[in-house]
Amino acid sequence: MAKKIDGYIKLQVPAGAANPSPPIGPALGQRGVNIMEFCKAFNAKTGDMEKNMPIPTVITVYADKSFTFETKTPPASFYLKKAAGLNKGGSEPGRAVVASVTMAQCREIAEAKMVDLSAIDLDQAQKIIAGSARSMGFEVTE
């Protein structure tokens, strides 16, 4: 028989750096989940990834206070900032251009994020990533 689901918790956790401090501790604590057990399991699963890469995580909490978690690919903004060599996007997107990325870079990012995007093929995924780049104040060049 399947376990009864008590709820879901969505967090962005740095790869290999989960610890019981906020936001992880309070979010899991109020559901009665063992915080250290999650931290150890998450760090083991993401230990081979780039350090401090933000990993969107969906934690399924069951009625018996057990849990499972699913990790997704890092946000497109993380990949775009890395490709442009910046720490943050533009403060005035649409008015000021802070950097430029090529369509080839957008395609690489789309290939990495394809499992989490709602695109049918790689060309559509590339357009989604290019749109994200424009909304961050980046110029998309051929």
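Student: Why is Cys-39 called buried?

Tutor: This is a predicted model. In it, Cys-39 has a relative accessible area of 2%. Buried means under 20%, so Cys-39 is buried.

Student: What makes Cys-106 buried or exposed?

Tutor: Its relative accessible area decides. Cys-106 has 0%. The cut-off is under 20%, so Cys-106 is buried.

Student: How many disulfides does the structure hold?

Tutor: The structure holds 0 disulfides. A disulfide needs a pair of cysteine sulfur atoms within 2.5 Å.

Student: How do you know that the span of helix H2 agrees with its number of residues?

Tutor: H2 covers residues 35–46, which is 12 residues. At 1.5 Å a residue, they should span 16 Å. The end C-alpha atoms of H2 are 16 Å apart, so the two agree.

Student: Which residues of H2 are buried?

Tutor: Phe-38, Cys-39, Phe-42 and Thr-46.

Student: What makes them line one face of the helix?

Tutor: Look down the axis of H2. The buried residues fall within an arc of 100 degrees, so they line one face. Lys-40 and Ala-44, on the other side of H2, are exposed.

Student: What do the buried residues of H2 pack against?

Tutor: They pack against strands E1 (5–14), E2 (54–62) and E3 (67–71), and against helix H1 (24–29).

Student: What is found at the start of H2?

Tutor: A side-chain oxygen of Asn-34 reaches to within 3.3 Å of the backbone nitrogen of Met-36.

Student: Which residues touch the most other members of the largest nonpolar core?

Tutor: Of its 36 residues, these do: Ile-24, Phe-38, Ile-59, Leu-80 and Ile-129. Leaving out residues up to four places away in sequence, Ile-59 touches residues including Tyr-8, Leu-28, Phe-38 and Phe-67.

Notes
Residues numbered from 1 in each chain as written. Predicted model: local features only at pLDDT ≥ 70, side-chain atom pairs only at ≥ 80, totals over all residues. Heavy atoms only, no water. Buried < 20%, exposed > 50% of the residue type's maximum accessible area, 1.4 Å probe, protein only. Helix = DSSP H or I, 4+ residues; strand = E, 2+ residues; numbered from the N terminus. Expected span 1.5 Å × (residues − 1). Arc of directions from axis to C-beta. Contact = heavy atoms within 4.5 Å. Polar contact = N/O pair within 3.5 Å; in protein donor to acceptor, adjacent residues only side chain to side chain. Core = buried A, V, L, I, M, F, W, Y, C linked by side-chain atoms within 4.5 Å.
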